[in-house]
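Here's a protein chain to get to know. Take a moment with the sequence and the 3D view, and then we'll walk through a few of its features together.

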Amino acid sequence: YDPSIRDNAWKYLTVYHFGYYENKNGQVGPMWRNIGGVVNPSNNTITVGFDAPGYYQVMYMAKSFQDITNHPWAREDLDTLYTKGIMQNKTTSSFIPNDFITRGEFTTLLVKIFDIPLNYANGLTFEDVGLLKMDDLSDYKYIETAARAGIVRGITETQFMPNLSLT
């Protein structure tokens, strides 16, 4: 990326992929999706794995959500997590940073933050975590991966309850 980017602005760089994805309504169509990337500010590079055909572009997050920019203590952290594709906004116009986090959201964050390779094929651990993409905040692929890696357990042996808020 361009070395003229100043100071800590590298934190707001990310890679987007233009391809076919499923939206929240279950419809598949062309769209841009934030796939993150690892930025190395010492040599001005951003690294990301390519796993699908399509267009890829390094982008800079120039705008944020108003409820993030007004956040009293976590603005930079939330913007960075959003830019890297680790966290997603809850509505099209708001991030809603002070909302409770669910078990599914938190599990998805853990897998993304620790860059755990996805492992979800050949059956499911929990009956209440279906094969369909649940939403942009949690996804069965991440919950199944975390369960197989031994980082999460269900409320019961067969129930994960991904929409239950953490306490």
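Let's begin with a definition: a salt bridge is a side-chain nitrogen of Lys or Arg within 4 Å of a carboxyl oxygen of Asp or Glu. What you're looking at is a predicted model, where local features need pLDDT of at least 70, side-chain atom pairs count only at pLDDT 80 or more, and totals for chains, interfaces and linings use all residues. Residues are numbered from 1 along each chain as its sequence is written, and side-chain values use heavy atoms, with hydrogens and water left out.

By that rule, the count comes to one salt bridge. It joins the side chains of arginine 148 and glutamate 144, at 2.8 Å from N to O. Both residues sit in helix H4, four residues apart, about one turn of the helix. Glutamate 144 is buried, because its relative accessible area is 3% and buried means under 20% (exposed is over 50%, partly exposed is in between, with a 1.4 Å probe and protein chains only). Arginine 148, at 31%, counts as partly exposed.

Now zoom out. The chain has four helices and five strands; these are DSSP runs numbered from the N terminus, with helices being H or I of at least four residues and strands E of at least two. From the N terminus on, the order is β-β-β-β-β-α-α-α-α. Of the 167 residues in the chain, 33% are buried.

Next, have a look at the second largest pocket, with a volume of about 350 Å³. Among the 23 residues that line this pocket, Leu78, Met87, Phe95, Pro97 and Ile101 are the closest to its centre. Helix H2 (75-83) and helix H3 (103-113) are the elements that give two or more residues to the lining, and H3 provides the largest share, four residues. A pocket here is an open set of points on a 1 Å grid over the protein atoms alone, with protein on both sides within 12 Å along at least five of seven lines; lining residues have an atom within 4 Å of a point. The volume is the space filled by probe spheres set on the points.

Ile155, Met161 and Leu164 make a nonpolar patch of about 250 Å². Such patches take residues with over 30% relative accessible area and no salt bridge, joining nonpolar side chains (Val, Leu, Ile, Met, Phe, Trp, Tyr) within 5 Å. Leucine 164 lies in the segment after helix H4 (140-149), and is partly exposed at 41% relative accessible area.

Terms used: Patches are made of residues with over 30% relative accessible area and no salt bridge: like charges are joined within 9 Å, nonpolar side chains (Val, Leu, Ile, Met, Phe, Trp, Tyr) within 5 Å. Accessible areas come from the Shrake-Rupley method with a 1.4 Å probe; for residues, only the protein chains shown count as cover. On a 1 Å grid over the protein atoms alone, a cavity is a set of points where a 1.4 Å probe fits but cannot get out, and a pocket is an open set with protein on both sides within 12 Å along at least five of seven lines; lining residues have an atom within 4 Å of a point.
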